[in-house]
Amino acid sequence: KQWYQRRVRGSLLKEREKGSDVIVIIMVLCTAEYCLETTQQLEDKIKEKAQEVYAEQISFTAEMELFSNTITTCLQELVGQLDSQCEPAFAAMLKVNWSTLDSVGDQSAYTTAITS
């Protein structure tokens, strides 16, 4: 389990160096969500087909936890990237003395920086 998590993080870090990290993270995220869903369906089908004695012993919980942890890791990476991209604009906003502004405009430079 820990090996798998390190492998995913390692792959994400390598891709970050290439600049395609967000795309890779989203692909891993979508794949992990699909695998989590289909693993649950597979477990249900196998239990349905198996004899009752064996059905109780069938569990893909460990595998589903791996996919769930991968989803969590991907979401943390995406949030971290969003945070780091917005940080300069937020830092600049904190330095502004807002009480000295006379009027409010339609869109500030900070909003433009965050959305770009």
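Let us start with a pair of side chains: E48 and K45 meet in a salt bridge, at 3.9 Å from N to O. A salt bridge here is a side-chain nitrogen of Lys or Arg within 4 Å of a carboxyl oxygen of Asp or Glu. Because E48 and K45 are three residues apart in helix α2, about one helical turn separates them. E48 counts as exposed, at 55% relative accessibility, while K45 is partly exposed, at 48%. (Buried means under 20% relative accessible area, exposed over 50%, and partly exposed in between, with a 1.4 Å probe and protein chains only.)

Before going on, a word about the model. It is a predicted one, in which local features need pLDDT of at least 70 and side-chain atom pairs count only at pLDDT 80 or more, while totals for chains, interfaces and linings use all residues. Residues are numbered from 1 along each chain as its sequence is written, and side-chain values use heavy atoms, leaving out hydrogens and water. The predictor's confidence in each residue, pLDDT, goes from 0 to 100; its mean for the protein is 81, and 74% of the residues reach 70 or more.

Now for the overall fold. The protein has five helices and zero strands, where helices (H or I, at least four residues) and strands (E, at least two) are DSSP runs numbered from the N terminus. Of the 116 residues in the protein, 20% are buried.

Among the buried residues of α2 are V24, I25, L29 and E43. E43, with a relative accessible area of 6%, meets K47 in a salt bridge of 3.0 Å, N to O. These two residues are four apart in α2, about one turn of the helix, and K47 is partly exposed at 31%. The count of salt bridges comes to two.

What about the cysteines? The count of disulfides (pairs of cysteine sulfur atoms within 2.5 Å) is zero. The sulfur of C30 has its closest cysteine sulfur in C74, but at 9.1 Å that is too far for a bond. C30 is partly exposed, with a relative accessible area of 43%, whereas C74 is buried, at 0%.
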